[in-house]
Every structure is written in C-alpha cells, then in structure tokens.
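Try each task before you read its solution.

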Amino acid sequence: TMVIQAHGSSDLPESADKAMMLLNELIQSDNPALAPDSFCFATTINAFSKMASRKKSPSERVGAAECAEDILWMMVDEIEKKNQTNTEHSLAGNIVPFNACMNAWAQSFTPESPQRAEELLHRMLDPELQSITQVQPNTISFNTCMQAWSKACKFEGSATPEKAEEILTLLIKLSEEMDTSSDEGWKLCPDVRSYATVMNAYALAQKEDSVIQTRRLLKDLIQEGQGRYFDSNAKDRMNAYPFTIVLKAAANAKEQEG
C-alpha cells in the first residue's frame, strides 16, 4: 500500500502504470492479508488523475481518466463479489475513490470530461449502486462535477454555465429534501465553493449576461448563507473569492466589447 502511495505521489510518467500493476497483484493474490482496501484503489485512481491533468494530448488525457474509471468499477466488482460471498472487507462505504475518479474527469479538460463526470454523479445517485457500495455522493462530489462543467466553459461550445448550475440546483433540491425528511444518515448541502464554481463557469463563458448571472448567484449565496457562511466559527466561511469572480466576469465582458 505504501509503495502504491509512493507511485501515486510521484511525478514520473510511468508512476500510474506501476501503481496499477501493484494493485492488480493485490487483487489477484490468494492471500487474504493482501486484499486491497479502498485506500489502495483511491491512491491508484489519483495517480491516473494526476496523469490526466499533465498529458498534452487530449486523447492521452481521456485515456488516463478512462483508466481511473476502470479502476473504480474494478473496486465495485470486488465489493459485489465479497458481498455475495459474505466475505469481510474494507472496500465499501468510502466516497474517496468515487470523488477521485470524478476529479480525474474534471482534470482531463477535454470536451467529454464534464459529461462523463455528470454520468458518474448520476450513477452514484442510483439506489442499486448505493446498496452495493454503501456510498452516496457528498458535497465534494457535486462540486467536482460542477468544476468539470466550469472548466469546459473556457473552450467547449457545448459546455454552458447553465449545465453547471443544473448540478447546483440538484444539490440544493436534494439538501432541502433531506432537511424535510430529517435523514441523519446522509448529510448534503451546498457550500461557498458550490456557488463560486458556477459563478466561475459564467465568468469563463463570457456570455452577454455573465455579469448579471454572477451577481445573481452571489446574492443567492449571501441570502442562503446568513447564519452559516458568515459565522466566524464556521468551517466553510464566506471569503473574497466569489466577489473576485464577479469582477472577473466584468473584466471579461469589457474585453469582449473591446
């Protein structure tokens, strides 16, 4: 596990493949003591996520993200096998490998990246998959998906800021439903980053109404955050970044006019 972690932290081009090779050895081992845990899978996925962000060729970046997702579904397959045989394991109940995979798509920065990230988010919302993995998406999951749409707004015509806002709207809707149902097992709510990511999508898209939309979202953030984001003891406190995005949107609008 530590060697896999070392490869995952390395900047060498072959590190991800070496981490994958070691993970496969653990999976194929007949020794129960060598069964990989969710940390092994998450670390290997992160190695390919790093590769996805550094490759110059779009096809190589997509390939790295696809490898990350293949590893995730390998883990799900292992969970399902162990569940069916009532074998004790430490693979289920960990959101980190799922979020790491979604981050690989966000970091790959290609036309298909945001759609693939969103597909994974919706798979995570599937009750059947949740029953197998004991995992439900958290705020980081939604934020990462929004980030994938936001990054794509910089270069991909089909990636609109409205797509990122749809994910934010879904996050808000689910969090409100949970407040109503008082579900103690699954906590979910938007944070400052959620709003800022969508605001940034509008700023990057440089649409005619980008300034209006970023200001609208900033107003929503301030109104929703009363008593939460402005509490000096709050973990997720309001900061200058959302205000800076409004200024960036205004600057981009001026450049577009020029």
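**Exercise 1.** Find the ring that the charged end of Lys151 sits over.

Solution. The charged end of Lys151 lies over the ring of Phe109, 5.1 Å from its centre. A charge counts as over a ring if NZ of Lys or CZ of Arg is within 6 Å of the ring centre and within 35 degrees of the ring normal. Next, turn to Arg123: its charged end sits over the ring of Trp73, 4.2 Å from the centre.

Before going on, note that this is a predicted model, where local features need pLDDT of at least 70 and side-chain atom pairs pLDDT 80 or more, while totals for chains, interfaces and linings use all residues. Residues are numbered from 1 along each chain as its sequence is written, and side-chain values use heavy atoms, leaving out hydrogens and water.

**Exercise 2.** Decide about Ser150: is it buried or exposed?

Solution. Start by locating Ser150 in helix H8 (residues 139–152); helices are DSSP runs of H or I with at least four residues, numbered from the N terminus. Ser150 is buried because its relative accessible area is 4%, and buried means under 20%, exposed over 50%, and partly exposed in between (1.4 Å probe, protein chains only). Then look at its neighbours: leaving aside residues up to four places away in sequence, Ser150 touches Thr197, Asn200, Ala201 and Leu204, where contact means heavy atoms within 4.5 Å. Finally, the side chain of Ser150 reaches the backbone nitrogen of Ala201 at 3.3 Å.

Definitions and conventions: Helices (H or I, at least four residues) and strands (E, at least two) are DSSP runs, numbered from the N terminus. A polar contact is a pair of N or O atoms within 3.5 Å; within protein, one must be able to donate a hydrogen and the other to accept it, and residues adjacent in sequence count only if both atoms are side-chain atoms.
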